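Q: I would like a close look at one residue of this model, and then at the chain contacts that go with it. Please keep the account plain.

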There are 4 protein chains.
Amino acid sequence: KMDKPRKTTMLKNMLNSNELEFIMEAHNGLSARIVQEAGFKGIWGSGLSISASMGVRDSNEASWTQVLEVMEFMSDATDIPILLDADTGYGNFNNARRLVRKLEDRGIAGACLEDKLFPKTNSLLDDRKQPLAEIEEFALKIKACKDMQRDPDFCIVARVEAFIAGWGLDEALKRAEAYRNAGADAILMHSKKSDPSDIEAFMKAWNNQGPVVIVPTKYFTTPTQHFKDMGVSMVIWANHNLRASIKTMQETTKQIFKDMSLVNVEKKIATVKEVFRLQRDDELVEAEKRYLPKS
Amino acid sequence: KMDKPRKTTMLKNMLNSNELEFIMEAHNGLSARIVQEAGFKGIWGSGLSISASMGVRDSNEASWTQVLEVMEFMSDATDIPILLDADTGYGNFNNARRLVRKLEDRGIAGACLEDKLFPKTNSLLDDRKQPLAEIEEFALKIKACKDMQRDPDFCIVARVEAFIAGWGLDEALKRAEAYRNAGADAILMHSKKSDPSDIEAFMKAWNNQGPVVIVPTKYFTTPTQHFKDMGVSMVIWANHNLRASIKTMQETTKQIFKDMSLVNVEKKIATVKEVFRLQRDDELVEAEKRYLPKS
Amino acid sequence: KMDKPRKTTMLKNMLNSNELEFIMEAHNGLSARIVQEAGFKGIWGSGLSISASMGVRDSNEASWTQVLEVMEFMSDATDIPILLDADTGYGNFNNARRLVRKLEDRGIAGACLEDKLFPKTNSLLDDRKQPLAEIEEFALKIKACKDMQRDPDFCIVARVEAFIAGWGLDEALKRAEAYRNAGADAILMHSKKSDPSDIEAFMKAWNNQGPVVIVPTKYFTTPTQHFKDMGVSMVIWANHNLRASIKTMQETTKQIFKDMSLVNVEKKIATVKEVFRLQRDDELVEAEKRYLPKS
Amino acid sequence: KMDKPRKTTMLKNMLNSNELEFIMEAHNGLSARIVQEAGFKGIWGSGLSISASMGVRDSNEASWTQVLEVMEFMSDATDIPILLDADTGYGNFNNARRLVRKLEDRGIAGACLEDKLFPKTNSLLDDRKQPLAEIEEFALKIKACKDMQRDPDFCIVARVEAFIAGWGLDEALKRAEAYRNAGADAILMHSKKSDPSDIEAFMKAWNNQGPVVIVPTKYFTTPTQHFKDMGVSMVIWANHNLRASIKTMQETTKQIFKDMSLVNVEKKIATVKEVFRLQRDDELVEAEKRYLPKS
Ligand SMILES: [Mg+2]
Ligand SMILES: [Mg+2]
Ligand SMILES: [Mg+2]
Ligand SMILES: [Mg+2]
């Protein structure tokens, strides 16, 4: 057990490797475990998915400690690193650095902070103002977080929202450089175009100054090889477990409602035994043998 | 708004109606909203589903306040009544009655308490001891809860685990009568047989002493008309949203992992716009027009 | 029970009465109960005291749901209205109005919002920037909260930080009027001068446009009759239970450390029986007689 | 920083040292900090004090995660080890071992488990039943906790309630030996006699089989030298910060209520500056210089 690398180190290595790496969205302990079982090497704790699963909006309606609790369940259910979509850090530098300490305590490997204002607005919402933080303020927030972490491998990813906010390449580049200089372990360059032109332009101008992470939710038709060729470090599949579960829950619920019966859904869904397996009931069975009195 | 019945009243009316009523499992705000949109008149806050979604076991590994927080998100996301699967009430009569007060504060319509010992063991687990509470102790717990509630229509459902624990009809009947006499608004008679024989025997012996709720997870092939004919009041579809989402998340995650691409899943899952709709972003858009400065 | 006025109504009546009313700080369920037992008609849920008792700073280091939980314990322990020192509402109008809903659920009678930026800085700290919110933005936040509340008597108090921030009477008056027009049930005019000159100037200019609340922590030597004469509605004794307990805990702990014995402190402190009384153990004794099996 | 011993190691060393050691009660971050500043080497996270400060009873009315949150604030506010009064572990072996993991994550040095049933009853309450756990069950609970901890120095203290429950020395000794053999790092032998005769009898019979901790709340007149002579390892001053603060808050509140003024209390209580000092505002002042933009 001692020889196993820490989750933070695992994430840092992924960011710095020469391979294109992939992490997949989860929004609770269950989906996190499913991501791990599928073979992924890391998990994206999506702000959109977590808020939507709670039934609230991706506008910091859930408190940061409520999000933290979800992260703890996700961490407890898995052995692979989790990168939290930490929005703006939920306030100023002091809130953000406090979050970093709390994430470390709970075994989370890194936090991705975006250069917006609290409370945030989801980047994919149409026709919404997307005001950005001042560059200096956000760079200092990154620095405060890096100074706070105790584990040297805890990762801070700085997410640049310049393209989202309607600014061009110059602003995106200037921000990425400032955040990298402030200590960010990687830059997440976000774009909501349906083609990869923003990312292409950025990768060219960036010229390998450090690891770059992307979120191709909108430009999903771009072949993955193209991301490799551009030199991207990591791809986030950002909200697809949530979206898959919405579709199937809507269909399942409608079917049961219409049928007033389970017969048409029973075979299409996971068994109760599979639920128990995912909960690792087998460990508890063994533990009860060891730790409950025989009589 | 004042003329709308309270959620508690809606649940009580369902239990007491002459129709066979149905409530459907949810385990977070999102699935609760989906249940409501499908047309269901009520929601089952399943202990198995909530614990599994968190990645922990259905053995009271999550604290009762963590469950309470999930219930609050579910209640906030919906307008129909929620019946919480409250296990044993998470301790003795004092813990249980304290829970009732907290549930009322959060707009939950009722609590279903089962006559087991804390911490509980899931009823569908094979080869596990299922020790029952003493009848008198559990009946007094029901009474304590009924005495505590402020809203006269808050519902306490007493769940009898006699069949689950391997006892026969006599014990089941004796317990049901004791709990009904203690004030329970309904009896939930549980069975894990794959046929409805336990329920049939009970319904006959019970002879309409009050509303009866069933959970046909294992005897799902029984035609619903048969439950009507027996005089059952309410059927709980207990864990099918969770099980549906497990299956689809496993498949979606595997597909993306294999493909290293989203192209094969994008069309099969809900859109990002649908996520926003379920989060009721439209209300926030309107609110921002009213409450954010124009400049 | 039905005839007793709601806590919200009790607070509203205090704000609107012709008498000068007083509310006293509490920071947890225990101190809230002590305030009630002393005869006070209302409680101030102080942000400074709550944060200090937790060991964190009055800079929104605790999340808003952590504060909410403290408020719930305070509300459960008492029958008199509580006014929460809600800082800025913990974000924008949407965070603030969400808080209002949650406070109502927990039986809190009102929220005091201040026209600063999130995260806030304590008003009594020297040499700190105290940036104010834009008037229009804050007025709309007040309006959003008033529109959100379901109980018509829930109180929103708008706290004006103009004097704290170094602005003069004109700004203070302009803000107070804007917030009152936006629906605030009362204005809290804050000052950190050691004399009441700020308040005097304001009260004269204000000319009875609505209830005014003050916090004479710094100008505590001003005779209370003077506040009455000026037409103040309510006085908050804002942090004195916390400060009293700090002094005595420091002395008690030092004494025990020095003595390596309890003999010199035992007589100076509350008995263990008094602790049980404050916890209302008597109610539990009676409940155990009713709800625990005799055998 | 790396050279500083872990908090767990510090607590373990205290238990195993040849000196008589002392730890002092705290119930929130503030009192924990005061205990540290007074010179104490460790802190007792008292269940009675924490529940009373919340305004609830020492009967597991607060959930275990609510207690955990208090512990986290206490740990964050201090550098010395904290031993949590963990009651029964809040359930069976599985709840208890889960708690251990969570405590480790939050920097708590140890947990003291008592051999009672969940929900617990405070040991000092008169005329209350104090049912004990079966010896084997409790010993296995201790073992489960020891097997779960990752930090080898995390301490499990087994608290024997045999004297409290009215059993004699034989039962106390049998239990202490069973728990020690199950892996307990120390035995806490509780007594509510006003003289130390229970403890004397036990220490003689125990014959140095391992560290013993005592709580002389009731036999406080016994000279501390006598505990040393008996071979006791550690003394807990268990609830005196809470009791001191109750007394002073009652007096302060009554005085202010009577006077309708602060003039008679201002000099007797800590200053607002002292509150800021205890909150370590100085660190935030420095951090703001580093991490807030100059402009
Ligand atoms: Mg996001
Ligand atoms: Mg269940
Ligand atoms: Mg304040
Ligand atoms: Mg205790």
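In which strand of chain D does I187(D) lie? And how many salt bridges are counted between chain C and chain D?

A: The model is predicted. I187(D) lies in strand β6 of chain D, which covers residues 186–189. The relative accessible area of I187(D) is 0%, so this residue is buried, the cut-off being under 20%.

The neighbours of I187(D) come next. Leaving out residues up to four places away in sequence, I187(D) touches V157(D), A158(D), V160(D), A176(D), Y179(D), R180(D), F202(D), W206(D), P211(D), V212(D) and V213(D). For a distance along and across the chain, take F154(D): it is 33 residues from I187(D) along the chain, and the two C-alpha atoms are separated by 15 Å.

From this residue, turn to the contact that chain D makes with chain C. Chain C puts 84 residues into that contact and chain D puts in 83 residues. About 7,300 Å² is buried between chain C and chain D, and carbon and sulfur atoms give 65% of this area. On the side of chain C, the residues that lose the most area to chain D are R57(C), R243(C) and Q279(C), which together make up 10% of what that side buries.

Ten salt bridges are counted between chain C and chain D. A salt bridge joins R128(D) to D281(C), with the closest N and O atoms 2.8 Å apart. There are also 30 residue pairs in polar contact between chain C and chain D, both residues being at pLDDT 80 or more. On the side of chain C that touches chain D, two or more residues come from each of β1 (21–26), α2 (29–38), α3 (47–54), α4 (64–76), α10 (240–259), α11 (272–278) and α12 (281–291) of chain C. The largest share of that side comes from α10(C), with 16 residues. By residue type, the side of chain C that touches chain D has 37 nonpolar, 26 polar and 21 charged residues.

The area buried between chain A and chain B is about 7,300 Å², with 65% of it given by carbon and sulfur atoms. Ten salt bridges are found across the interface of chain A and chain B. One salt bridge is formed by R57(B) with E283(A), where the closest N and O atoms are 3.2 Å apart. Residue pairs in polar contact across the interface of chain A and chain B come to 30, both residues at pLDDT 80 or more.

Terms used:
Residues are numbered from 1 along each chain as its sequence is written. Chains are lettered from A and ligands numbered from 1 in the order in which they are written. This is a predicted model: local features need pLDDT of at least 70, side-chain atom pairs count only at pLDDT 80 or more; totals for chains, interfaces and linings use all residues. Side-chain values use heavy atoms; hydrogens and water are left out. Contact means heavy atoms within 4.5 Å. Buried area is the accessible area (1.4 Å probe) that two parts lose on being put together, summed over both. A salt bridge is a side-chain nitrogen of Lys or Arg within 4 Å of a carboxyl oxygen of Asp or Glu. A polar contact is a pair of N or O atoms within 3.5 Å; within protein, one must be able to donate a hydrogen and the other to accept it, and residues adjacent in sequence count only if both atoms are side-chain atoms. Helices (H or I, at least four residues) and strands (E, at least two) are DSSP runs, numbered from the N terminus. Ala, Val, Leu, Ile, Met, Phe, Trp, Tyr, Cys and Pro count as nonpolar, Asp, Glu, Lys and Arg as charged, and the others, Gly among them, as polar. Buried means under 20% relative accessible area, exposed over 50%, partly exposed in between (1.4 Å probe, protein chains only).
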